[in-house]
Amino acid sequence: MGADRRVEFWTGASGAGTGDPFAQVRAAQRLEADGWDGATVIDTHCLSVEAFTSLALIAQATTRISLATGVSNPVTRHPSVLASAAATVQAISGGRFVLGLGRGDSALAWLGASPTPVGEFERRLVMLQAYLRGEQTPLETAAEALSGATAGYEKLAIGARLPGSWLKWLPEDQAKVPLEVVATGPRVIEIGVRLADSVTFAVGADIKRLRWAVETARAAAERCGRDPASLRFGAILNLHTHTDLAKSRALAQPGVSAAARFSVMNRKIVGPADEHQREIFQKVGEVYDMAHHGVGGSQASVLDDAFIDAFALVGPPARCAERIEEIIALGVERLWLGTPLTRGPPGEDSYRMSVEEVLPAVRRAAAG
């Protein structure tokens with residue numbers, strides 16, 4: 001890791017306020033005061049208040065902490081709309097925004113749709129980066145990404161055809177919004193390596209699975225001629241530390257069940273897994289109840305202690321810190337740590353242990 005790059009620790013600001021944007025603001029202010037490097041906001045419009053509206057409020061109410069969508073998708077908003085929203089938050093925040101993007105899960109599932117097909121995801125990612133850079137997208141390409149509109153100007157009273165589609169308002173001196181692709185499978189990892197500014201892995205905390213994801217990304221970088229050292233890697237992890245292991249596991253269970261589904265979303269298990277893990281992945285996919293996404297439900301009931309211990313960061317603070325250090329050693333520089341801040345007294349206890357014991361320990365180790 002270069003001297004100019006540091007490990008960042010992020011967590012979510014949405015949990016306390018899925019129905020209250022001002023609760024998200026207060027949560028982000030607390031995260032900033034507690035020393036977190038970044039705060040993420042859910043972008044599932046049927047489950048939480050509108051993400052970019054909340055992010056604008058948070059940007060005005062904070063001064064240091066970085067902000068990101070956790071995560072957006074390129075379908076529920078046209079790439080030009082998504083880029084315009086991201087660039088607006090970038091302007092309001094003074095350059096503190098990162099656009100987290102995936103193929104879409106709950107945001108699309110609540111509309112009765114599946115994740116964006118990989119080929120379409122890549123096409124829209126190319127468009128999105130062009131808009132973020134202030135470059136033109138061919139009108140035909142922009143129109144193809146619309147739904148419910150008629151492409152072309154044939155029936156429109158217009159004398160001069162636009163040369164393309166772009167964000168005309170984007171200031172030339174504004175820093176480009178970094179685009180971070182959140183990926184589980186090898187095809188999306190490769191797309192992120194080729195087209196995004198950074199790649200974050202959603203494969204759990206099992207070191208074997210994370211090593212596979214990092215190696216997959218580095219191999220993709222070599223194939224496309226991109227210097228692996230120019231890439232930033234992140235990981236989405238459930239951190240539910242507690243001196244009482246049973247409480248730690250119970251706190252982790254809902255988040256682990258949601259995160260585990262990503263590895264079996266298309267009925268095919270992605271990444272390395274032993275026989276026991278494969279059995280659990282399969283069960284999660286079979287019983288997943290989207291109405292209880294992220295909060296438990298039947299999917300949580302199929303998890304056992306061994307799966308939770310491998311897939312999440314649980315147990316005493318020292319053990320969680322040790323595992324995070326192993327993950328950082330793989331080359332992961334941005335850790336999106338899901339914490340149980342809103343889950344009653346045990347969740348508050350766990351959160352405080354993370355802030356007061358785990359993060360200081362791993363920061364010292366990373367700095368050394």
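Biologist: Where in the chain does D105 lie?
Modeller: D105 lies in the loop between β4 (97-101) and α4 (106-109). Keep in mind that this is a predicted model.

Biologist: Is D105 buried or exposed?
Modeller: Check the relative accessible area against the cut-off. Buried means under 20%. D105 has a relative accessible area of 11%, so D105 is buried.

Biologist: What does the side chain of E8 make a polar contact with?
Modeller: With the side chain of W10, at 2.9 Å. Now set aside sequence neighbours within four places. E8 is then in contact with D37, R232, E333, R334 and L335.

Biologist: Next, T243. Where is its place?
Modeller: In the loop between β7 (232-241) and α9 (245-261). The relative accessible area of T243 is 59%. Exposed means over 50%, so T243, at 59%, is exposed.

Biologist: What does T243 touch, not counting residues up to four places away in sequence?
Modeller: T243 touches P317 and M353. T243 and S350 are 107 residues apart in sequence. Their C-alpha atoms are 8.6 Å apart.

Biologist: How should I read P346 in helix α14?
Modeller: P346 sits in helix α14. Its relative accessible area is 29%, so P346 is partly exposed. Leaving aside neighbours within four places in sequence, P346 is in contact with H242 and L251.

Biologist: How many residues apart along the chain are P346 and K247?
Modeller: They are 99 residues apart, with 7.1 Å between their C-alpha atoms.

Biologist: Now helix pairs. What describes two packed helices?
Modeller: The angle between their axes and the distance between the axes. Take helix α13 (residues 317-329) and helix α14 (residues 344-367). Their axes come within 9 Å and cross at roughly 40°. The crossing of α13 and α14 is right-handed.

Biologist: Which residues of α13 and α14 meet?
Modeller: α13 brings P317, C320, A321, I324 and E325. α14 brings M353, E357, V358, A361, V362 and A365. The residues of this contact divide into nine nonpolar, no polar and two charged.

Biologist: At what angle do helix α7 and helix α8 pack?
Modeller: At about 50°, with the axes 9 Å apart. That angle makes α7 oblique to α8. Helix α7 covers residues 186-195, and helix α8 covers residues 207-224. The crossing of α7 and α8 is right-handed.

Biologist: Which residues make the contact of α7 with α8?
Modeller: From α7: P186, I189, E190, V193 and R194. From α8: W212, A213, T216, A217, A220, A221, R223 and C224.

Biologist: And how do the residues of the contact of α7 with α8 divide?
Modeller: Into nine nonpolar, one polar and three charged.

How values were computed: Residues numbered from 1 in each chain as written. Predicted model: local features only at pLDDT ≥ 70, side-chain atom pairs only at ≥ 80, totals over all residues. Heavy atoms only, no water. Axes fitted to C-alpha atoms, helices over the stretch in contact; angles between N-to-C directions. Helix = DSSP H or I, 4+ residues; strand = E, 2+ residues; numbered from the N terminus. Parallel < 35°, antiparallel > 145°, perpendicular 65-115°, else oblique. Left-handed = near helix turned anticlockwise from the far one by under 90°. Contact = heavy atoms within 4.5 Å. Nonpolar A, V, L, I, M, F, W, Y, C, P; charged D, E, K, R; others polar. Polar contact = N/O pair within 3.5 Å; in protein donor to acceptor, adjacent residues only side chain to side chain. Buried < 20%, exposed > 50% of the residue type's maximum accessible area, 1.4 Å probe, protein only.
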